[in-house]
Amino acid sequence: MTNDSSKAPIIVIKDLHKTFGTNKVLDGFNLVLNEGENLVVMGKSGSGKSVMIKCLIGLETPDSGTISVMNKEINTLEQVAIDELRTEIGFLFQGSALYDSMSVRENLEFPLRRHTKKFGKIKDTTPLVIEALESVGLANAINLMPNELSGGMKRRIALARTLILKPKIILYDEPTTGLDPITSKEIILLMKSIQEKYNTSSIIITHDVDCAKAIANRMILLIDGINYIEGTFEELNASNDPKVQAFFK
Amino acid sequence: MKKYFANIIEVIKSFLKEVGEISYFAGRFFKEFLFPPYEFKEFLRQCYYIGNRSLFLVGVTGFIIGLVFTLQSRPTLQEFGAVSWMASMVSVSIIREIGPIITALICAGRIGSGIGAELGSMKVTEQIDAMEVSGTNPFKYLVITRILATTLMLPLLVIFGDVLAIYGSYLVENIKDNVSFQLYFNQVFNILEYSDVVPATLKTFFFGFAIGLIGCYKGYNCKKGTAGVGKAANAAVVYTSMLLFIIDFIAVFITNIFYKM
């Protein structure tokens, strides 16, 4: 199956296991993300896709297996080193996860003021905030509160909050879920333009076939806790395996 | 019968598990609050919100309790010809017990449930995860600041409520018997001793700690879904109210040992 090995791998997951109680979610999952690549991970709800990317960023601890991000093994890092690494990884949460009590500006300033190692202590954050908001086309929303934004706008602002740290990797957790088809298309176009502009590598967790078709360089189907099949959208779409076909019908 | 006992054992087990988890949460608070980074700005913000949001409610409740307590006690004291003891009786009752416990219960309902709902909602909408990804320790930023703020603000709110309750009592006495402000408050200060004020004030720190701890614990460990947020807020109030009475009993018990009342 397709895996563009001409580019250096930026994320490598080997034999990842994670169990919640008696529920075995990940059972030897493997993944390689190459530089500049958009890798789509598809799977049924509850198949462990979100758990996998949360392990990737240190929000969940795997039972066993290794996760290497930019040649650093997450499992062996101290908290300070994990925080430092997180400045290179943007995470777009499924429900946007904007801080309710903060304005759009404060939401964007929050990671900037926290990750002081990467940027130092910035006196005037306005130019960076505006730049990030402009890249998602919402510069005029700077003073709004999250409850004044629509679902699509929230997703864009969350993306701007991710971009403000200028990450090398972006993890998208269901970026189009809960959005109408038009807004979904806008978000997909935005993701593509971000990848071109910032040259990011991305893992996109989704079960939206249109999203996968538009954005994937490569795809993995996560079934029964393992990477069941890997390939381009066209390769997987042409598969005769009923488990694979179930996603594309 | 067998099933009945099995159910009882299950309830006891889950109760002990909950107590263990709360103790672990409290242990984590003591372990983490001593070490930097300190979220001083957020702590001040929480002090302002917690104090300011409850000030009016605590004030009005305290004032009304003072009024009602005096009005209710008057006929009985009159029967024994002991109305002149009103100021002493009201002040000792308010300072020692009624003020702290009523204020703490009000704050459990207002602040405890608010913290439970706020953190619960942040948990289910992944805001706490987002905070962690942003290089912030959410336990320090959200939990430690809130527990410290409730611990420090509750004694101040209790003092404020006590003062208004005694003032409410004075108003009744002034209207009914034309008792002067100076005479009433002279009696109040003459009767009050350190053994009334110090233990009562000290226990309010523990009340505040309990309100913050349970509110944060319930919110921070909220199960997925909006129903979980409601449950977290509700459980925060129920657990805190129970804990307040237990702390109160222990505080009175210890006070009695020290002051041999």
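This report describes selected features of a predicted model with chains A and B.

**Domains of chain A**

The domain assignment divides chain A into domain 1, covering 1-85 + 167-175 + 201-249, and domain 2, covering 89-166. The C-alpha centres of domain 1 and domain 2 of chain A are 25 Å apart. Twelve residues from domain 1 of chain A and eleven residues from domain 2 of chain A make up the contact. On the side of domain 1 of chain A that touches domain 2 of chain A, helix H2 (79-86) and strand S7 (169-173) of chain A are the elements that give two or more residues. S7(A) gives the most to this side, with five residues. By class, the side of domain 1 of chain A that touches domain 2 of chain A holds nine nonpolar and three charged residues, and no polar ones.

**The sheet of chain A**

An open sheet in chain A is formed by four strands in the order S2-S1-S4-S5, with antiparallel pairing. Strand S2 (23-34) and strand S5 (72-73) of chain A each have a single partner strand, so they stand at the edges and one side of each is left without a neighbour in the sheet. S5(A) is joined by two bridges to strand S4 (residues 64-69) of chain A, and these strands run antiparallel. Opposite Glu73(A) in S5(A) stands Ser68(A). Helix H1 (residues 49-56) of chain A packs on the sheet and touches strand S1 (9-20), S2 and S4 of chain A. The direction of H1 of chain A makes about 120° with that of S1(A).

**A loop residue of chain A**

Asn140(A) lies in the loop between helix H5 (126-135) and helix H6 (151-163) of chain A. Asn140(A) counts as exposed because it has 10 C-beta neighbours inside 10 Å. Between the C-alpha atoms of Asn140(A) and Met191(A), which are 51 residues apart along the chain, the separation is 20 Å.

**A helix pair in chain B**

Helix H5 (residues 138-177) and helix H7 (residues 194-220) of chain B pack with their axes 7 Å apart, at an angle of about 145°. The crossing in which H5(B) passes H7(B) is right-handed. Among the residues making the contact are Val143(B) and Leu154(B) of H5(B), and Phe205(B) and Tyr220(B) of H7(B).

**Residue classes at two contacts**

Ten residues of chain B are in contact with 14 residues of chain A.

| Contact | Nonpolar | Polar | Charged |
|---|---|---|---|
| H5(B) with H7(B) | 15 residues | six residues | one residue |

Note on methods. Residues are numbered from 1 along each chain as its sequence is written. Chains are lettered from A and ligands numbered from 1 in the order in which they are written. This is a predicted model: local features need pLDDT of at least 70, side-chain atom pairs count only at pLDDT 80 or more; totals for chains, interfaces and linings use all residues. Two residues are in contact if their C-beta atoms, placed from the backbone, lie within 7 Å. Axes are lines fitted to C-alpha atoms, for helices over the stretch in contact, and angles run from 0 to 180 degrees between N-to-C directions. A crossing is left-handed if the near helix is turned anticlockwise from the far one by less than a right angle, and right-handed if clockwise. Ala, Val, Leu, Ile, Met, Phe, Trp, Tyr, Cys and Pro count as nonpolar, Asp, Glu, Lys and Arg as charged, and the others, Gly among them, as polar. Two strands pair if DSSP finds at least two bridges between them. A residue is buried if 20 or more other C-beta atoms lie within 10 Å of its own, exposed if 12 or fewer, and partly exposed in between; C-beta atoms are placed from the backbone. Domain bounds come from an automatic or database domain assignment.
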